[in-house]
Amino acid sequence: MFYSVVPPILKTPHSVNAPLLVPDGETKEVSCSLVKANPLPTFTWEYKNKNCGKNCEWAAVPGKLVLTPTNRPTNESVVQVTKEQPTAYYRCNATNSEGMDSYTVPLIRLGK
């Protein structure tokens, strides 16, 4: 059987950039998965707070919040958003030898 090499293609929510609504004080998981890729990619996660301004840089999600292995290729990645994290944007990056794909998930905190 022949498998062609292809860059990662990520699944996107049914509504592209649909926000993830999370009540204040609640922990939530954000996931990212593949439509296809060969070879399987490695994932990285970045975030930035919504109100950080125009010159705000993306920051790496702390390793302790990444719930899936980052040192081996996989078809899905999950991060935990702690209850202390305010409204933010999370960006999932999937990379293999053929290329990269990413998508951003807006996370919106709902007041009580």
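Let me start with threonine 74, whose side chain reaches the backbone oxygen of glutamate 76 at 3.5 Å, and please keep in mind throughout that this is a predicted model. Threonine 74 sits in the loop between β5 (59-60) and β6 (76-81), and with a relative accessible area of 14% it counts as buried, because buried means under 20% relative accessible area. If we leave aside its neighbours within four places in sequence, threonine 74 is in contact with Leu34, Leu40, Pro41 and Phe43.

Apart from neighbours within four places in sequence, the residues in contact with threonine 68 are Glu76, Ser77 and Val78.

Let me turn now to the cysteines. The structure holds one disulfide, which joins cysteine 32 to cysteine 92 with an S to S distance of 2.0 Å. This pair links distant parts of the chain, since cysteine 32 belongs to strand β3 (residues 28-38) and cysteine 92 to strand β7 (residues 88-96), 60 residues apart. Which hand does the disulfide have? The torsion about the S-S bond of cysteine 32 and cysteine 92 is about -80°, and therefore the disulfide is left-handed. Both cysteine 32 and cysteine 92 are buried.

Methods
Residues numbered from 1 in each chain as written. Predicted model: local features only at pLDDT ≥ 70, side-chain atom pairs only at ≥ 80, totals over all residues. Heavy atoms only, no water. Disulfide = S-S within 2.5 Å. Helix = DSSP H or I, 4+ residues; strand = E, 2+ residues; numbered from the N terminus. Buried < 20%, exposed > 50% of the residue type's maximum accessible area, 1.4 Å probe, protein only. Polar contact = N/O pair within 3.5 Å; in protein donor to acceptor, adjacent residues only side chain to side chain. Contact = heavy atoms within 4.5 Å.
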